[in-house]
Amino acid sequence: MMKDLFDRFYENKGPVGKWAEQAEGYFVFPKLEGPISNRMFFMGKEVITWSVNDYLGLANHPEVRKVDAEAAAQYGSAYPMGARMMSGHTDLHEQLERELAKFVNKESAYLLNFGYQGILSTVDTLVGKDDVIVYDVDAHACIVDGVRLHLGKRFTYKHNDIVSLEKNLQRAQRVAEQTGGGILVISEGVFGMRGEQGKLKEVAALKSKYNFRFLVDDAHGFGTLGKNGAGAGVEQGVQDEIDVYFATFAKSMASTGAFIAADKEIIDYLRYNMRSQMFAKSLQMQLVKGALKRLDMLRNRPELKAKLWENVNALQNGLKKNGFDIGNTQSCVTPVYLKGSIPEAMALVKDLRENHSIFCSIVVYPVIPKGLILLRLIPTATHSLEDVNETLEAFGNIREKLENGTYRRISGELMAAVK
Ligand SMILES: Cc1ncc(COP(=O)(O)O)c(C=O)c1O
């Protein structure tokens, strides 16, 4: 029997949605208020904020804010109107593209309105039905969605596992030999959930054995890794082996927008064929001017990246010294793995927020295996060593309560009371 399309929304709200009643406004869709900084306000209370990707502290930097305000006054939020190809093209868009390309050591670059739909559309444009995609199984949702548009074959390889990659390259090669297509390999520069760098060097080394092109999503590496923050490819000395480099403005650049960079012929092809840019309004001028300023800060203010890493090292070394499991992070992303159920995780996070004034993101099953709690901390250049020390102390306290069953006991009451 036929159903109403919406019936299933009432029957099953989804893996996160099913917690909505207990979690909405607190664990999900929380409202962080006040200027973006190391300390913000949550439900009227000041908290040390470890959950925004403003790595270099540009979000609220006075010079950046000034340029943003002037650009808004000069251009408003409409200019330019239309898609780049039709009526939304300007000198400043081209200038930003030239500067970004130079910064990441590529011939050419192209602006994208958003990271998510931009890379999705990049994947879509790079492959045709005869081509084969081989991608890391832990790839970000935007890559997965790009792959979903692909009409040909795709294979995943185990996360950062070069043996598995090679096995899948062999499968891909067999398919491509039959279809007459090519192969696209996709990794991230930094995996944003657990902080591991993609094994770009090892992937690139396989180019001597297999014929493939390499796309890297460096959302978290851009601005934080490599000389001046040119990213994970530069950090690992393989930027030239990355055929298409992607980064978003939503993290180190503290803005909105993104770009891809590659050889000129590749970018020219993408400019004329990428649906997300051909059929969408051009990036607003406010954001273009703001990005030019931010890029200037990346190039000329090395002290911001130095301060970021001072905080990263203090936090990660402190956590390790105190016996916390922070996995294999090789970036600013700082995961803390604890054992516990979802209700225990909720009680723990509430304790962190209410009694220790610490706000960090919490990740539970199904994103990570059942029985694990992942607290994800993002240090930035705006944090102080005092913030780090307060946080280390609080973490010592919550671990003790997790281990002695305090959270298990109160989690029942909490489930009813939270909201
Ligand atoms: C790895 C990765 N790629 C792409 C994106 C999407 O970028 P944007 O927020 O600019 O749409 C994100 C998240 O923001 C990300 O973490």
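Which helix gives the largest share of the shell around the ligand? In this model, helix H5 (residues 115-126) takes that place with 3 residues; helices (H or I, at least four residues) and strands (E, at least two) are DSSP runs, numbered from the N terminus. The model is predicted, and local features need pLDDT of at least 70, side-chain atom pairs count only at pLDDT 80 or more, while totals for chains, interfaces and linings use all residues. Residue numbers start from 1 along each chain as its sequence is written.

The ligand has 13 residues around it, and Gly115, Tyr116, Ala219, Thr248 and Ala250 come nearest. Here a residue is near a molecule or strand if its C-beta atom, placed from the backbone, lies within 6 Å of it. By residue class, the shell comprises 7 nonpolar, 4 polar and 2 charged residues. In this scheme Ala, Val, Leu, Ile, Met, Phe, Trp, Tyr, Cys and Pro count as nonpolar, Asp, Glu, Lys and Arg as charged, and the others, Gly among them, as polar.

Turning to the sheet, 7 strands form an open, mixed arrangement in the order S4-S10-S9-S8-S7-S5-S6, where two strands pair if DSSP finds at least two bridges between them. Strand S4 (108-112) and strand S6 (154-157) each have a single partner strand and stand at the edges, so one side of each is left without a neighbour in the sheet. On average, neighbouring strands of this sheet are turned by 20 degrees against each other, direction ignored. Within the sheet, strand S8 (residues 213-217) pairs with strand S9 (residues 244-248) in the parallel sense over 3 bridges, and Asp217 has Phe246 as its bridge partner in S9.

Two helices lie across these strands. Helix H7 (residues 162-179) lies across strand S5 (132-136), S6 and strand S7 (183-188), and runs at about 170 degrees to S5. Helix H10 (residues 264-273) lies across S4, S9 and strand S10 (258-262), at about 25 degrees to S4. Axes are lines fitted to C-alpha atoms, for helices over the stretch in contact, and angles run from 0 to 180 degrees between N-to-C directions.

As for the domains, the protein is divided into domain 1 (7-55 + 302-418) and domain 2 (62-300), with bounds from an automatic or database domain assignment. Their centres, taken over C-alpha atoms, are separated by 29 Å. The contact takes 18 residues from domain 1 and 19 residues from domain 2, residues being in contact if their C-beta atoms, placed from the backbone, lie within 7 Å.
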